[in-house]
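Subject: Structure handover and findings

Hello,

Here is the structure I said I would pass on.

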Amino acid sequence: MAHELVAQRLNQHRACQMASLARGSYGGGGNKEKQAVANEPVRQALQELVGRHPGWGFWKYHRLRKNGVMVNHKRLWRLHRAFGLQLGKRRKSAGRPSD
């Protein structure tokens with residue numbers, strides 16, 4: 001109903017009020033496809049770096065920025081987890097007992 005009101009030249013805010021619709025739910029998708037296309041160069045660069053340095057942790061992979069891939073740490077962390085790259089916690093090695 002809100003889409004029809006907007007088509008009749010009513011602004012989106014007022015149309016959503018009249019239709020008892022939250023403005024955030026007015027838009028209707030299509031964002032995931034755009035995000036997948038935008039993440040593709042970052043994904044390829046990350047996989048290439050992981051192939052060369054599999055033992056590196058997340059913050060070392062942030063070096064992608066030095067290679068010209070513009071990505072912030074939050075987006076990189078989301079992709080890092082999505083690919084299952086997070087290693088387990090580092091354990092202390094069993095050192096020699098002190099005398």
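The notes below go through the fold, the cores, the aromatic rings and the charged side chains.

This is a predicted model, in which local features need pLDDT of at least 70 and side-chain atom pairs count only at pLDDT 80 or more, while totals for chains, interfaces and linings use all residues. Residues are numbered from 1 along each chain as its sequence is written, and side-chain values use heavy atoms, with hydrogens and water left out.

Overall fold

The protein has five helices and zero strands, which gives the pattern α-α-α-α-α along the sequence. Helices here are DSSP runs of H or I with at least four residues, strands are runs of E with at least two, and both are numbered from the N terminus. Of the 99 residues, 19% are buried. Buried stands for under 20% relative accessible area, exposed for over 50%, and partly exposed for what lies in between (1.4 Å probe, protein chains only). The exposed surface comes to about 8200 Å², and carbon and sulfur atoms supply 51% of it; the areas are from the Shrake-Rupley method with a 1.4 Å probe, and for residues only the protein chains shown count as cover. Taking contacts (heavy atoms within 4.5 Å) between residues at least 6 apart in sequence, 33% join residues at least 24 apart.

Nonpolar cores

A nonpolar core is a set of buried Ala, Val, Leu, Ile, Met, Phe, Trp, Tyr and Cys residues joined through side-chain atoms within 4.5 Å. The largest one has 12 residues: Val42, Ala45, Leu46, Leu49, Val50, Phe58, Tyr61, Leu64, Val69, Val71, Leu76 and Leu79. At least two residues of this core come from each of helix H3 (31-52), helix H4 (58-61) and helix H5 (73-82). The biggest contribution is that of H3, with five residues. As background, nonpolar side chains in soluble globular proteins tend to be buried together.

Asn39 is also in helix H3 and is buried, at 10% relative accessibility. Leaving aside residues up to four places away in sequence, Asn39 touches Arg75, Arg78 and Leu79.

Aromatic rings

There are three aromatic pairs in the structure. Rings of Phe, Tyr and Trp (its six-membered ring) pair if their centres lie within 6.5 Å; planes under 30 degrees apart are stacked, over 60 edge-to-face, and the rest tilted. Phe58 and Trp59 make an edge-to-face pair, 4.8 Å centre to centre with 65° between the planes. Phe58 is buried, with a relative accessible area of 9%, whereas Trp59 is exposed at 58%. Phe58 also pairs with Trp77: the centres are 4.9 Å apart and the planes are at 80°, so this pair is edge-to-face. That pair links distant parts of the chain, with Phe58 in helix H4 and Trp77 in helix H5, 19 residues apart. Trp77 is partly exposed, with a relative accessible area of 32%. Phe58, Trp59 and Trp77 form one aromatic cluster.

What does Phe58 touch, not counting residues up to four places away in sequence? The partners are His73, Leu76, Trp77 and His80.

Charged side chains

A search of the whole structure finds two salt bridges, each being a side-chain nitrogen of Lys or Arg within 4 Å of a carboxyl oxygen of Asp or Glu. One joins Arg43 to Glu40, with the closest N and O atoms 2.4 Å apart. These residues are three apart in helix H3, and so are separated by about one helical turn. Arg43 is partly exposed at 24%, as is Glu40 at 28%. In the other bridge, Arg52 meets Glu48 at 3.5 Å, N to O. Arg52 and Glu48 are four residues apart in helix H3, again about one helical turn. Arg52 is partly exposed, at 49% relative accessibility.

Arg63 lies over the face of Trp56, 5.2 Å from the ring centre. The criterion is NZ of Lys or CZ of Arg within 6 Å of the ring centre and within 35 degrees of the ring normal. Arg63 is in the loop between H4 and H5 and is partly exposed at 39%.

Regards
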